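User: I am new to this structure and would like a short tour. Could we begin with the interior and then turn to the surface?
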Amino acid sequence: MEDGSAGDFVLAVKSEVKTGSSDAFPKENFVEVGQSETTDKDLLCPICMQIIKEAFLTACGHSFCYMCIITHLDNKSDCPCCASALTTNQIYPNFLLDKLLKKTSASQVSKSASPLEQFRLALLQGYQVSVKELDTLLSLLSEKKRKLEQEEAERNMQNLLDFLHFLRKKKIDELNEVQTDIQYIKEDASLVERHRIELYRARDKYLSKMQMHSGELQESWFSSSLNKDNNDLMFASGRTHGGIPTGNFQYKNVDGKSQASSFGAQGKEASSVLTSQLTSQSSLAVVRKKRVQSQFNDLQQCYLQKRRQLVNPLQNHDKRFADVMQREGYSSALSDFQSVLSTFTQYSRLRVIAELRHGELFHSANIVSSIEFDRDDELFATADVSRRIKVFNFSTIVNEPPEAHCPVVEIPTRSKLSCLSWNKHTKNHIASSDYEGTVFVWDVNTQQSVREYEEHEKRVWSVDCSRVEPSMLVSGSDDCKVKIWCTKQESSAMNIDMKANICCVKYNPMSSTHIAVGSVDHHIHYYDLRNTSHPLHIFSGHQKTVSYVKFLSNDELASASTDSTLRLWDVKQYLPVRTFRGHTNEKNFVGLSVNNDFLVCGSETNEVYTYHKAISKPLTWHRFGIPNVEDSDDEAGSYFISAVCWKNDSPTLLAANSLGTIKVLVLAV
């Protein structure tokens, strides 16, 4: 190793410098004309195998990086190259090698530099250039500059032209889309105007018939009245000759006039009622118009989306179906949008029709965690943290005075309750989940548990009974497990291990093999229970924990999250449909329920919010009152809606808040 050492290299350089016969190259530049590969190897530190830094020479003639040799000598007392005895007192700075290393480094930098950089360095180092050479160089540089500017201008023009072509194409596409939309609107407006005229004609025809019928009645009455008056006149005249005064005739005549006046008054009253109805309808139309204007953008998007989607199905259907549609002026998209518009503008508020106190005022155990209607919507059950399931008769709550608002069944439980789910086949069975991780199936009639499952290791947040298979139910827990249960078995039928806490589970209403699972990982996992190794799809979009999942239909899934949004998903196409914003939900379970076209959820502002599935903004909302806030230890802002539930196929819903107040609300005009 001594032959290739840096120390030998230094000695060789010294000897060659002394015996060199040419003065063409300065001594300090001699190394630059050597073999680069050999030089590179000779300049490497034998310890770190990198270019030597702060070269130090040993007594035995080898060179190393200062830090490398010092570190080595801290552990050993020999030379790394020849193993000769060596101490820190026997190493010395190698100034010549340091100088050569700096020259070599500069040479390598210059070799890797661009020609322009090399020329600049040459000028800085004093390279002599004549005026003529400088003029030539300046001329070349000027020409090069003009060429570069020309190329840059051409590139800029090409970029601008490409942008304008792209913008033109985009605007043409937008124009074509707008023109197509305008054509749709013209067609639909013409169709709607035709139907409107038909309705007006039908109304006018109806009013004409009513007026004709009223005139016939009046004419008939006057005719009979005149005949009767004539008979009375003849009778009165005969009696006058017999000594009876003629005052009776005058009385009869006056009575006839009064009855005629009465009939006229009734006609005027009927006309007044009709006018009042028309005025009421006119004011209602104004209210609906304002609602349309307030949500115009969402409604416009809904209409155009439905109308544009109608084109593609026509391309895939046979020509005969398209001809029928054209001949009849039929448009399913227009019909769908009309349904959306009418249902959206039909309701403007939530009206309270009954109210129920659920426990003591301002008590933390009053929080209703779940509220559910039974199969026939005759009973509803509540679950709360007071460890009781209470079942109420809905008709009694709505129709009877408050003192009669008592539960018809009350079932005590061992732990705080988190969720309830009625069996949609067996009317008297209801499932519950609790904070200890237990899932129960109760018989409401006997108030006894039918099944008790204790396999979950932590709190169970959600339980749901299958609508298709009456013996099946699903639960989700903080132990990151989803379990499928069968009431015919004493243990779970299936287990799905997930990586995050489970907050909600729900069966697809038309399937016993498909479930939706929401968790703290911000996602919704959609599973086919016939293969649980991987979900069918993972719906992403929420920014925080998914607290509820509910199916509007076989293909539509709604979800709620503590990011203060609801979302609608298409579980058939695996696509997001719409995001609903308006309520506030950042930390609590505030409830979610769906019913055909409507969604309802709670808010941490102690309000209930309803949405139409086609509109992203709230349809209407209702604020719960807070009685005797001064007597409470908590602030008014700490109360929130904790559970909601629609009555099936009805504008009626139940809502409960953290104070234990339950209200029966109905969508109203």
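Analyst: In the largest nonpolar core, which has 26 residues, V608, L653, A655 and L667 touch the most other members. A nonpolar core is a set of buried Ala, Val, Leu, Ile, Met, Phe, Trp, Tyr and Cys residues joined through side-chain atoms within 4.5 Å; buried means under 20% relative accessible area, exposed over 50%, partly exposed in between (1.4 Å probe, protein chains only). This is a predicted model: local features need pLDDT of at least 70, side-chain atom pairs count only at pLDDT 80 or more, and totals for chains, interfaces and linings use all residues. Residues are numbered from 1 along each chain as its sequence is written, and side-chain values use heavy atoms, with hydrogens and water left out.

User: Which residues does A655 touch?
Analyst: Leaving aside residues up to four places away in sequence, A655 touches V608, F624, A643, V644, T661, I662, K663 and L665. Contact means heavy atoms within 4.5 Å.

User: What else is there besides that core?
Analyst: There is a second, separate core of 17 residues, and A55, L73, C81 and I91 are among them.

User: Now the surface. Where is P402?
Analyst: P402 sits in the loop between α12 (394-399) and β8 (409-412). Helices (H or I, at least four residues) and strands (E, at least two) are DSSP runs, numbered from the N terminus.

User: How far apart are P402 and L356 in space?
Analyst: Their C-alpha atoms are 7.1 Å apart, although P402 and L356 are 46 residues apart in sequence.

User: And where is L141?
Analyst: L141 is in helix α6, and L141 counts as exposed because its relative accessibility is 52%.
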